[in-house]
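Biologist: Please take me through the terms applied to this model, and set each value against its definition.

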Amino acid sequence: ARSGNAYVKRQSTWGMSVSTIIEKFPENTFALNQLAVHYISLNRHDEARTSAALLPDTERWRAFKLSIEYRIAVACADISEVSLILQRIPQECEICPSLPSLNLVLRELPEDKAKDISERLAKKWPNLVFEVKTRRLSVSTKKPEHNQIEQAMTLAFNGKVSEAKRLLNEPNVNIKTASALAPMFERLPPEKTLRRIAIVDRGDDVVLSPKGETGTTLLVFTGLADKAMIPIELIDRFCAAEGHSAIYLRDAGRSAYISGIPALAQDFEGTLAALVTLLERYETQKLLCLGTSIGGFAAIRYGIRLEADKIMGASAPTNITSEFISSIGDNRGQLTARRLQRSFSAGELDVKPEVVAQNGRCKIDLWYGDDYPIDVNHASYLSDCAGVNNFPIPGLDTHSSMPSIINSGGFQEFLKP
């Protein structure tokens, strides 16, 4: 039975702000940990540490305090401190702390250091293997060994949609994720309808489909997690059903594709030339560019230079200068953002001048969650430019918009002649 006092305390805190709760109940650990996390979102790091320091010195809260230090180091883009904290965690904690964006953070560390930390974390907490291993996972495998969402994607890819949907209905699967994926699975074209052989993703930085029959090529720029928000094999199902050729790209240089794709060339101009060669090999008459997340930033820039017929950005950032992202409260991927801001000029981090200069020749469709303010602001930044059309997705409050675009039929329409 629940403690009567605990129930009364919980009831009596409803409707209060976190700070008010702490004033009335200074030992309320839930409020303290929420306040610490909230202060980090406001970049008030000393206050975050102060709130965390008031928590009890137990195993659970020691892990949480290290999580706070990790989050602060990430927010400050202090790569050395991040590395030190990640080395401390498996030594000092028995309970695995929350480590947001761990997979992306590890990619910012030197390769040998990231490998060492990944192995230590996965050895201590085997369930972390899906956070520290590469995200370049094929969904065409017959025996999926991924997490539950990836298992569901694998089942759907192999035509077992009913089984995939049952897996999504299990209690530990996020309801919003399940509600976006289930209808998308139903829309996947069956294998028998494909007009060319579908790709098998082996994790390469450049993945080429067999040549299609329509003269149209889809050029896809994936995001930081090396996926197009969903595995590229799922994207390719739709493309193969239309009979188009496809090229899938990964940003191995972690430069938002600004410095090119190392597998193709060592710089932007060389990468453009290499892509032109690939497009000629496919005898491309019509070019479509798709980019998800940071890949959308690249899809706009490369699409304009390659004279694409249409460009689609799924939750695409449009300006990653420090001034702009600070003005809209975009605190995502701080380690990556700070590195890009140190490495490239403001002009290279802002696609608007190129969009303005092309004067509407190329149609640019920007899709995003209408209830996700950061992506709303990025799309709004280009809304007054000729050729740009904004497609807010009602009720979507997350960054991952590709499933919803497919569910709306927007992506399928984008692929049509």
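Biologist: Why does D365 count as buried?

Modeller: Buried means under 20% relative accessible area, exposed means over 50%, and partly exposed lies in between, with a 1.4 Å probe and protein chains only. D365 has 7% relative accessibility, so the residue counts as buried. The model is predicted: local features need pLDDT of at least 70 and side-chain atom pairs count only at pLDDT 80 or more, while totals for chains, interfaces and linings use all residues. Residues are numbered from 1 along each chain as its sequence is written, and side-chain values use heavy atoms, with hydrogens and water left out.

Biologist: What makes the pair of K363 and D365 a salt bridge?

Modeller: The term requires a side-chain nitrogen of Lys or Arg within 4 Å of a carboxyl oxygen of Asp or Glu. For K363 and D365, the closest N and O atoms are 3.8 Å apart, so the pair meets the definition. K363 has 38% relative accessibility and therefore counts as partly exposed. In total, the structure holds 25 salt bridges.

Biologist: How do you know that the salt bridge of D375 and R332 links distant parts of the chain?

Modeller: The side chains of D375 and R332 meet at 3.2 Å, N to O. D375 belongs to helix α19 (residues 373-380), whereas R332 is in the loop between α16 (322-327) and α17 (334-343), and the two are 43 residues apart. Helices here are DSSP runs of H or I of at least four residues, strands are runs of E of at least two, and both are numbered from the N terminus. D375 is buried because its relative accessibility is 2%, while R332, at 28%, is partly exposed.

Biologist: Where do D46 and R49 lie, and how far apart are they in the helix?

Modeller: Both are in helix α4 (residues 45-53), three residues apart, about one turn of the helix. An α-helix has 3.6 residues a turn, so residues three or four places apart point the same way. The closest N and O atoms of D46 and R49 are 3.8 Å apart, and the pair forms a salt bridge. D46 is exposed because its relative accessibility is 59%, and R49, at 32%, is partly exposed. D46, R49 and E69 are linked in a network of salt bridges.

Biologist: Why is α5 called roughly antiparallel to α6?

Modeller: Angles run from 0 to 180 degrees between N-to-C directions, with axes fitted to C-alpha atoms, for helices over the stretch in contact. Under 35 degrees counts as roughly parallel, over 145 as roughly antiparallel, 65 to 115 as roughly perpendicular, and the rest as oblique. The axes of α5 (residues 59-75) and α6 (residues 79-92) come within 9 Å and cross at roughly 165°. That angle makes α5 roughly antiparallel to α6.

Biologist: Which residues of α5 and α6 meet?

Modeller: Contact means heavy atoms within 4.5 Å. E59, L66, E69, Y70, A73 and V74 in α5 meet E81, V82, I85, L86, R88, I89 and E92 in α6. The residues of this contact comprise eight nonpolar, no polar and five charged.

Biologist: What makes helix α13 largely enclosed by the rest of the structure?

Modeller: Eleven of the eleven residues of α13 (residues 232-242) are buried, so the helix is largely enclosed. Among the buried residues are the charged E233, D236, R237 and E242; Asp, Glu, Lys and Arg count as charged, Ala, Val, Leu, Ile, Met, Phe, Trp, Tyr, Cys and Pro as nonpolar, and the others, Gly among them, as polar. G243 follows α13 and has a positive phi, near 85°.
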